[in-house]
Amino acid sequence: MRDMLKRIVLVVFVLLVLMAVSGYFYMQKHPMEGKTSAEKTLNISGNKVTE
């Protein structure tokens with residue numbers, strides 16, 4: 001019983017970490033500062049794409 005409880009807690013912890021990491025990378029791609037995606041989009045050479 002205790003071993004099963006440890007496993008459940010470990011799985012929940014891993015899921016929370018994965019959600020935090022994926023949320024962090026999502027916010028890097030989609031910032032909520034009101035900037036448009038065109039200002040953040042980079043082309044392959046690393047220069048900002050202007051439209």
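Analyst: Here is the patch, with its setting in the chain.

This is a predicted model, where local features need pLDDT of at least 70, side-chain atom pairs count only at pLDDT 80 or more, and totals for chains, interfaces and linings use all residues. Residues are numbered from 1 along each chain as its sequence is written, and side-chain values use heavy atoms, with hydrogens and water left out.

The chain has two helices and zero strands (DSSP runs: H or I of at least four residues, E of at least two). Buried residues account for 0% of its 51 residues (buried is under 20% relative accessible area, exposed over 50%, partly exposed in between; 1.4 Å probe, protein chains only).

The nonpolar patch comprises Leu10, Val11, Phe13, Val14, Leu15, Val17, Leu18, Val21, Tyr24 and Phe25. Val11 sits in helix α1, residues 2-29. Val11 is partly exposed because its relative accessible area is 44%. Phe25 reaches 51%, so Phe25 counts as exposed.

The whole structure holds one aromatic pair. Tyr24 and Phe25 form that pair, edge-to-face, at 5.6 Å centre to centre with 70° between the planes (centres within 6.5 Å; planes under 30 degrees apart are stacked, over 60 edge-to-face, the rest tilted).

Notes. Patch = residues over 30% accessible without salt bridge, like charges linked within 9 Å, V, L, I, M, F, W, Y side chains within 5 Å. Areas by Shrake-Rupley, 256 points an atom, 1.4 Å probe, with all protein chains shown as cover. Salt bridge = Lys/Arg side-chain N within 4 Å of Asp/Glu carboxyl O. Phe/Tyr/Trp six-rings, centres within 6.5 Å; stacked < 30°, edge-to-face > 60°.
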